[in-house]
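Student: I have just opened this structure. Could you help me read it, one feature at a time?

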Amino acid sequence: MKKMLKLESKAGLIICCSGPSGVGKDTLITGLRERLPHLKHSISLTTREPRHGEVPGVDYHFCEKSEFEEMIAAGEIIEYDIFCDHYYGTRASVIRESVANGQDLILDITVAGSLRLKELIPEAILIFILPPSEEALIERLNSRRTESAEVIKKRVAKARSEVAEARNFDYLLINDRLKDAVSALEAIFIAERLRSKHYNISQIDEDLEV
Ligand code: 5GP
């Protein structure tokens with residue numbers, strides 16, 4: 001009989017990815033989840049209209065402004081922000097259930113949303129995704145062809161103010177070459193997952209006889 005060490009995860013990780021609209025957070029998170037399928041993506045609530053190809057309940061839970069405001073009043077939304085005239089928010093139950101079940105959760109939320117979550121949950125890990133340049137960001141927003149010129153202008157203005165907050169994040173990551181950026185994100189995740197504070201250590205008896 002050999003004594004083996006067993007690590008038992010205490011709680012799920014909360015990983016918040018923020019960065020300017022168009023920086024490629026969605027694609028990065030999809031790439032990461034292909035490598036780490038157990039990682040759950042938090043599906044946000046929003047009052048904006050679905051874009052072409054977006055699926056309700058998969059990309060977002062789409063709702064009316066009045067419903068969103070009722071949920072805020074009822075304390076059902078742990079953090080929210082107004083982005084380009086629309087509400088976006090995270091349901092408290094999503095966070096609660098993930099932490100309790102030891103489920104690692106990744107969120108794609110605004111800078112203000114991430115900073116708010118960190119205030120409420122200091123263990124949350126904040127990652128700021130930067131574009132290689134402002135020109136590259138504008139090019140990506142234009143090539144998506146999902147927003148009007150006016151909305152793109154608003155998103156670029158918001159991007160400038162968001163980048164100014166990058167210093168308050170735990171990690172900075174430039175999304176230049178997608179594959180490298182996904183690898184960097186994976187490295188952050190793996191290192192964070194292995195931190196000793198996340199585990200209880202116990203000994204178990206392992207029967208080595210076959
Ligand atoms: P989009 O309209 O491009 O899908 O999202 C616009 C912005 O809203 C993005 O920066 C995205 O990260 C952010 N966002 C999406 N869901 C949430 C959320 O639940 N809370 C906050 N604070 N921001 C969110």
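Tutor: Happy to! Cys84 sits in the loop that links S6 and S7, and strands here are DSSP runs of E with at least two residues, while helices are runs of H or I with at least four, all numbered from the N terminus. This is a predicted model, where local features need pLDDT of at least 70 and side-chain atom pairs count only at pLDDT 80 or more, although totals for chains, interfaces and linings use all residues. Residues are numbered from 1 along each chain as its sequence is written, and side-chain values use heavy atoms, with hydrogens and water left out.

Student: What is the phi of Cys84?

Tutor: First the general idea: most residues other than glycine have a negative phi. Cys84 is not a glycine, yet its phi is positive, about 45°. Asp85 lies in the loop between S6 and S7 as well, and this residue, also not a glycine, has a positive phi of about 75°.

Student: In which sense do S6 and S7 pair?

Tutor: Strands of a sheet pair through backbone hydrogen bonds, either parallel or antiparallel. Here two strands count as paired if DSSP finds at least two bridges between them. S6 and S7 are antiparallel, with six bridges; Asp81, for instance, has Tyr88 in S7 as its bridge partner.

Student: What is the order of the open sheet of four strands?

Tutor: That sheet runs S5-S4-S7-S6, and its pairing is mixed. Strand S5 (61-62) and S6 are the edges; each has a single partner strand, so one side of each has no neighbour in the sheet.

Student: And what is the order in the open sheet of five strands?

Tutor: There the order is S3-S8-S2-S9-S10, with parallel pairing. Its edges are strand S3 (40-41) and strand S10 (171-174), each with a single partner strand, so one side of each is left without a neighbour in the sheet.

Student: Now the ligand. Which residues come nearest to the ligand?

Tutor: A residue is near a molecule if one of its heavy atoms lies within 4 Å of it. There are 16 residues around the ligand, and Ser44, Arg48, Tyr60, Tyr88 and Asp108 come nearest.

Student: Which polar side-chain atom lies 2.8 Å from an oxygen atom of the ligand?

Tutor: A polar contact is a pair of N or O atoms within 3.5 Å. The atom you ask about belongs to Arg155. Lys25 has a side-chain N or O atom 2.9 Å from a ligand oxygen, and a polar backbone atom of Gly89 is 3.0 Å from one.

Student: How much of the ligand's accessible area does the protein cover?

Tutor: Accessible areas come from the Shrake-Rupley method with a 1.4 Å probe. On its own the ligand has 510 Å² of accessible area, and the protein covers 95% of that. The elements giving two or more residues to the shell around the ligand are strand S6 (77-83) and strand S7 (86-91).

Key
Polar contact = N/O pair within 3.5 Å; in protein donor to acceptor, adjacent residues only side chain to side chain.
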